[in-house]
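Q: Hi! Could you walk me through this model?
A: Happy to, here it is.

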Amino acid sequence: MFENLCTLPLSAELFSQAIHPTEPLLGVGLMTGHVQCFRLPAPEKSPEEEDPDVSVMSDGKGTIDTVWRTRRHKGSCRTLAFSNDGSSLYSAGTDNLLKHFSPVTGQVASKIAIPSAKSIPDSPSLLHVLSPQTLLLACDSGALHLLDLRDGALAASKPQQTHFPHDDFVSSITPLPPSAESTSGYSKQWISTGGTTLAVTDLRRGVLVRSDDQEDELLCTTFVSGMGPKKNRDNGVVAVGTGSGVLTLWDRGAWDDQQDRIIVDPGKGGGESLDCITQVPSEITGGKKVVVGLGDGSLRIVDLMKREVEWALRHDEIEAVVGLGFDCQGRMISGGGQIVKIWEESREPRGGDESSEEEESDDDSDDDGGNGDRDGIANGNKAKRQAGEDSDSDSDDGDDSDSDEGAKRSKKKRRKGKPAVDLGPHGAHGVLRFKGLD
C-alpha cells in the first residue's frame with residue numbers, strides 16, 4: 001500500500017515530531033534539546049502535469065531542506081505541537097520551559113515556566129492545541145493544564161484550569177468532534193489515556209468520566225468517524241493502542257469499557273507495544289483504516305471494518321516508532337530512533353508484475369492447494385483461515401517462500417499417496433524393460 005520514498009537521518013534520537021496542517025513542513029524535537037524544521041519537496045506529478053524544472057523525491061533528485069535548526073531547550077525537547085492554522089509552533093522540554101515560536105523563522109515569541117504544584121519540577125509529557133484560545137499541557141505527575149492563548153501567544157504563566165484525569169502521566173490526547181450546535185467549530189471535549197484508564201474531559205466541566213481499569217497500559221488514541229453500533233453508524237469510535245499489541249475499539253459515549261479488540265501483534269505473554277497511531281486519510285483508502293507504530297520499529301496497517309491487519313512495513317530494525325502522521329499532500333511520515341521516513345501510496349498493482357501473476361496462475365492450475373500470496377499480511381491472514389497455519393510475516397518474500405514450499409509439500413504428499421502400479425516387464429508402452437538399464 002505504501003512505499004518508502006526516503007530516509008532522513010537525524011543528529012540525535014527523536015523524541016517528538018509535528019506535521020504542519022497545510023504546508024509540507026515537518027518539525028522534530030530531539031533528545032539533545034534541538035528543534036529542527038524541514039521543508040519536504042513537492043509530490044510526484046503525472047506526466048501531463050510534470051514540470052521539467054522541478055525534481056521529485058522518488059527519483060532521488062528531490063531535496064529535503066532544513067528551514068532552521070536551533071537548540072531550543074537545555075534538556076531534551078519532549079513534545080512539539082503546531083497551532084490549528086500552522087502559524088505557531090510550541091515546544092516543551094525537560095528544562096521546564098514551554099516556548100512559542102514561528103515555524104518559518106524559529107524566532108521565539110513567548111515562553112513560560114511549566115507549572116508545578118510541588119517544589120520538584122514537573123517535566124512535560126504532551127502538548128496539544130485544542131483551539132486558537134486553548135493549549136493542553138500534560139505532565140509526568142498526571143496533571144493536565146489548560147493554558148490561555150491570545151493571538152497564538154502564551155498569555156499567562158498560570159494555567160486557567162488543571163485536571164488530574166489519570167493516576168499516571170497522560171500518554172495521548174485526542175479531541176472529540178464538535179457538536180452540531182457548536183458555533184466555533186472547535187472541540188470542547190477530548191479523550192485522554194494514562195496508565196490503564198481512558199478519560200473524557202470537558203473544557204468547562206472538567207473530567208466527565210473515567211473508564212474501568214483495563215489491566216493493560218493504554219498508549220495512543222485516534223477518533224474514527226463513520227463507525228459505531230448498527231443502529232448508529234455515524235456515532236464514531238475511538239481506536240486505542242495498548243502495551244500488549246492489542247488495538248481496542250470504544251464506541252463514542254460508552255466510555256466504561258472497550259467494545260472490541262483487534263490483535264495487531266500476537267505473541268506469547270503479549271506482543272509489542274502499540275506506541276502511536278494515526279488514521280489513513282479517506283482520499284487514500286475508501287475504508288476505515290489506521291496505521292500503528294510498534295515498539296519493535298514496525299508499522300502495521302489495520303482495517304477496522306474487517307478487524308484484521310492488512311499490511312506490514314518496517315521503519316527501523318531496533319528503535320520504536322514514536323511519531324506517525326500524514327502531511328497535507330497525503331504522504332505518511334514515521335519517526336523513531338535517529339531517522340524519519342517518508343512514505344507514499346504505491347502506484348504499482350498490489351499483486352506485483354504480470355510475470356509474477358502468470359507464475360501464480362500456473363501454480364494454482366498445477367496445485368489447487370497452492371496459494372501464491374503477494375499481498376503480505378492481508379493474504380497471509382486469508383491463507384491462515386484456509387489452511388489453519390500461521391502466516392504473520394513482515395516481508396512479501398517470506399509469504400512467497402512459505403506458499404511455494406507448501407505447494408511442493410502437497411505435491412509430494414500426493415505422489416506418496418498414489419499406490420505403485422506394476423506395469424509388467426514391457427512397461428507402459430509395450431517395450432521390454434530390463435532391470436538396471438533404466
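Q: Where does Lys289 lie?
A: Lys289 lies in strand S24, residues 289–294; strands are DSSP runs of E with at least two residues, numbered from the N terminus. This is a predicted model, where local features need pLDDT of at least 70, side-chain atom pairs count only at pLDDT 80 or more, and totals for chains, interfaces and linings use all residues. Residues are numbered from 1 along each chain as its sequence is written, and side-chain values use heavy atoms, without hydrogens and water.

Q: Is Lys289 buried or exposed?
A: Lys289 is buried, at a relative accessible area of 9% (buried means under 20%, exposed over 50%, partly exposed in between, with a 1.4 Å probe and protein chains only).

Q: Which side chain does the side chain of Lys289 make a polar contact with?
A: That of Glu310, at 2.9 Å. A polar contact is a pair of N or O atoms within 3.5 Å; within protein, one must be able to donate a hydrogen and the other to accept it, and residues adjacent in sequence count only if both atoms are side-chain atoms.

Q: Switching topic, which strands form the open sheet?
A: 4 strands, in the order S2-S3-S4-S5, with antiparallel pairing (two strands pair if DSSP finds at least two bridges between them). S2 (14–19) and S5 (65–71) are at the edges with a single partner strand each, so one side of each has no neighbour in the sheet.

Q: And how many bridges join S3 and S4?
A: S3 (residues 25–30) and S4 (residues 34–39) pair over 5 bridges. Gly29 stands opposite Val35 in S4.
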